[in-house]
Amino acid sequence: MVSTIDSVVAAVGIADSPSAEPSIEADHLAKRYGETVAVADVSFGVAPGEIFGYLGRNGSGKTTTVRMLTTLTRPSSGAARVAGVDIAHARLVREHIGVTMQDAALDDAMTGAEHLRFVAGLSGATRSAARARAGELLELVGLGQVAGERIGTYSGGMKRRLDIASALVGQPSVLFLDEPTTGLDPQSRRAVWDEIRSLQASGVTVFLTTQYIEEADRLAGRIAIVDAGAIIAQGTPGELKAAHGRTTIAFEHDGDANAISQVLGGTDGIEIELNADGRTVACLDTATSGDDSALRALDRIRAAGVSPRHLAVTETNLEDVFVRLTGTGINTPTGATSSEDGR
Amino acid sequence: MSSSASTGRGGQGAALSLVFRRQAAAAGRDPGPFFVLPAMPALLMTVVFTALFDRISEVPGYDGGDYDAFLIPGVVVLVALLGAGATSTSVAADLRSGYFDRLRLLPPPPVTQLIGRLLFEAVRLLPGTVAVLALGFLFGGQNRNGMAGLAAVVVLVCLLGVAYSGVFYAVAIRTQDPQTPFQLQPLGLPLAFLSTALVPLAVMPTWAETLARYNPVTPVVDASRGALLGDLWSHELLVALAVLAGVIVVTQALAWRALHSHLAGS
Amino acid sequence: MPAPRRFVRDMGLVFTRTAKEAIGNAGLAFVAPTLLAVFLIVLFQGVYGKIADTTGWPADQFIDWVAPGGVLLSVFVGAGYTAGGLLRDAESGYLDRIRLLPANPAAVLAGKVAFEAARAVVPATGVLLVALALGADNRNGIPGALGVVAIAVALSVAWNGIFYLSALATRNHAAVLGLQPLFMPVIMFSTFWVPARFMPGWYEAAATWNPFTPTLDAARSILLGTADWGALGVGLSALAALAVVTYGLAGRHYATATTAD
């Protein structure tokens, strides 16, 4: 068991800092409900102070994973440690974590301050300590002005920030944020992002699930891409792009359309497509053909005496990686083919 | 000319029957509130009141004859009052979901939607009425007028159901709340109790007697009692039918007006 | 902080939160059960009140006999309020939030039940005052009145056990709401409206064996004269038994719900 965790940790590169024990280690976690597999078998490690992005579309098992790691749901098989504690010891784990739920469950009839005092009280704070902590946290998340207003009057973004504040009541070392910006307008989303960044700056480890590629790309140090309950790729955004991205070069030329495909065709990691508008597009797989593949491809074309009139190089982005790995865009429900594919 | 008018009527009838059948299918899927619930209070009252309050007939001034025989034709009328208006749920739901707007784009006038459901509202009370009568005869109910008497009672209950539903429709159209039948349920209690359904006017205190005298349910109950215990074709029956016709006109006017102003406002 | 003190404090926090929520929703929590109970008593008084004029009626007036039942009726018609709240908390994920805190989950449940008990005081007192205004007897003054309200509180704790059990076992609002009319047979087949000797034999047997009847008789004995301690003992035992069974089973479901699923 221990060796498996070690190998997982080594595989994700935490071994670089051997002194720090990982904040989260998941070892073949799985959750099945009868015939339905919610989480197939996931293993990963998250280093202290890291933001770990758990990226997948709806129904890919993100929330179930969070619920297992936060002791709300018991895994069908596998193990995990959070803040160094086995998740079987729910009470101990809960002392170290803070959680925000996907549908911010708040009591609309309470004010923001009342809510935080209530949570702090149930966390064991005395009345005066609870009051002080509530005030502090409200300032921290920028809700000091509306502390006395009913939660029912808050906007979606304010509710999310209050939710984050209540997750911070117990001064957790590991914070789980389950889709903290889903349904928010761009401005509120940015406010929540700033909040998450400043939490990381204060040393908290953040496990962030999201269905927004941009959010994972901007916030997370490392990302796991999940699909149908399994992790299909993980690494830093750069690593993911290097391993699964591709660079495309679109050539415009006056001469023989086949010349380029004759030069580059048949090479490992390069696919040639002929566009409807007469361009030749070379798709270079960064993983197999290397970082400098685009330059080398151009050298070979020059050497063969082919001179395209114009060319456009497109670097890979995380969206491409996601689409390539899962076969569909993030907001396309599995099983539905887009109209372009249908034609 | 005449042929187009007749197809118009035929179309109207077909539309009504479609609305009726859609409502009937919905009720068939969820028989509890439509068929079972209306009979439950009356069934419970039949068993309990004949046992507990039998001795009301010993009160000085009581003029209702045998109490069990007195109670049954009154209690059966309550089927129309306690558990009423179940079809108003679908009126509210259709308005809220926008389904009503879709129906409006079709040729039949919007009130077709109300009339078709009202017809079903009358029919759905039949099983409960029959159940209460059957149990009532086991618990001391009497009938001197055979099938004709029973038929008269059934018609009175169904018509009262239609008349009373208008109130539910008017509220459901204004609030668009599918919980309307639940919200208005307590209204049925004073209408039922402060009538002659349970005891004769003679044993009520003055305040209750006054209210019961002007309660439109009272003539319906009196006619129902007459149909089982007195002369079938009494003038009470005529009064009851006239009152019911009046109430139907008033409550439907309320409902139609609510619908009209809702459609005009949207 | 020692565990028992911690438990009581957490319970107090939940009690306060539930109370605030109920005060914000006073119509449903306090006014509706009071009015509904008064309404039913007044309607029956209007229809069957004169049955008190017949020979053998044990009190002066109809209201003397039904007033204690009316007080308890307010508990029945208002039942399920906090159990419904618990269910809403479970559905909204609010319970999950509390589960993640170091508070004892049993303290959360206990806080809600404690508020349910406190809530019963308001409608019970309200109905009693209306009944007294309508001329009902109260021969034991304020101590007697307090005694009857206390019985209503005990009934509230026990009867709501059924709603907590249903809420936690089914996790279904309709199932909890559907239990509301359960009180009707309970009060109908008891001495609520008329004394046992007014009933036919089979009915009297049902009323005598109805476990609610002793509680009702005890409350009535307090208002009409000397307290019937025997009936009070039997009634409270029946309520305690109901509470043990329902909260015992509800507690099991709750324990499952508050550990990982």
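Select chains A and C. In this predicted model, 18 residues of chain C are in contact with 20 residues of chain A; two residues are in contact if their C-beta atoms, placed from the backbone, lie within 7 Å. On the side of chain C that touches chain A, α1 (3-24) and α5 (94-99) of chain C each supply at least two residues. Helices here are DSSP runs of H or I with at least four residues, strands are runs of E with at least two, and both are numbered from the N terminus. Sorted by class, this side of chain C has 8 nonpolar, 3 polar and 7 charged residues. Ala, Val, Leu, Ile, Met, Phe, Trp, Tyr, Cys and Pro count as nonpolar, Asp, Glu, Lys and Arg as charged, and the others, Gly among them, as polar.

A note on labels and limits: residues are numbered from 1 along each chain as its sequence is written, while chains are lettered from A and ligands numbered from 1 in the order in which they are written. Because the model is predicted, local features need pLDDT of at least 70 and side-chain atom pairs count only at pLDDT 80 or more, whereas totals for chains, interfaces and linings use all residues.

Next, select residues 81-92 and 141-170 of chain C. These are helices α4 and α7, which pack at an angle of about 20° with their axes 8 Å apart. Axes are lines fitted to C-alpha atoms, for helices over the stretch in contact, and angles run from 0 to 180 degrees between N-to-C directions. Show the residues in contact: on α4(C) they include Thr82(C), Gly84(C) and Leu87(C), and on α7(C) they include Asn160(C), Phe163(C) and Tyr164(C). The contact of α4(C) with α7(C) has 6 nonpolar, 3 polar and no charged residues.

Now select chains B and C. Their contact takes 20 residues from chain B and 17 residues from chain C. Which helix of chain B gives the most to the side that touches chain C? It is α3(B), with 4 residues. By class, this side of chain B has 18 nonpolar, no polar and 2 charged residues.

Finally, colour by pLDDT, the predictor's confidence in each residue, from 0 to 100. Chain C has a mean of 92, and chain B averages 89. Over residues 1-7 of chain B the pLDDT is below 50.
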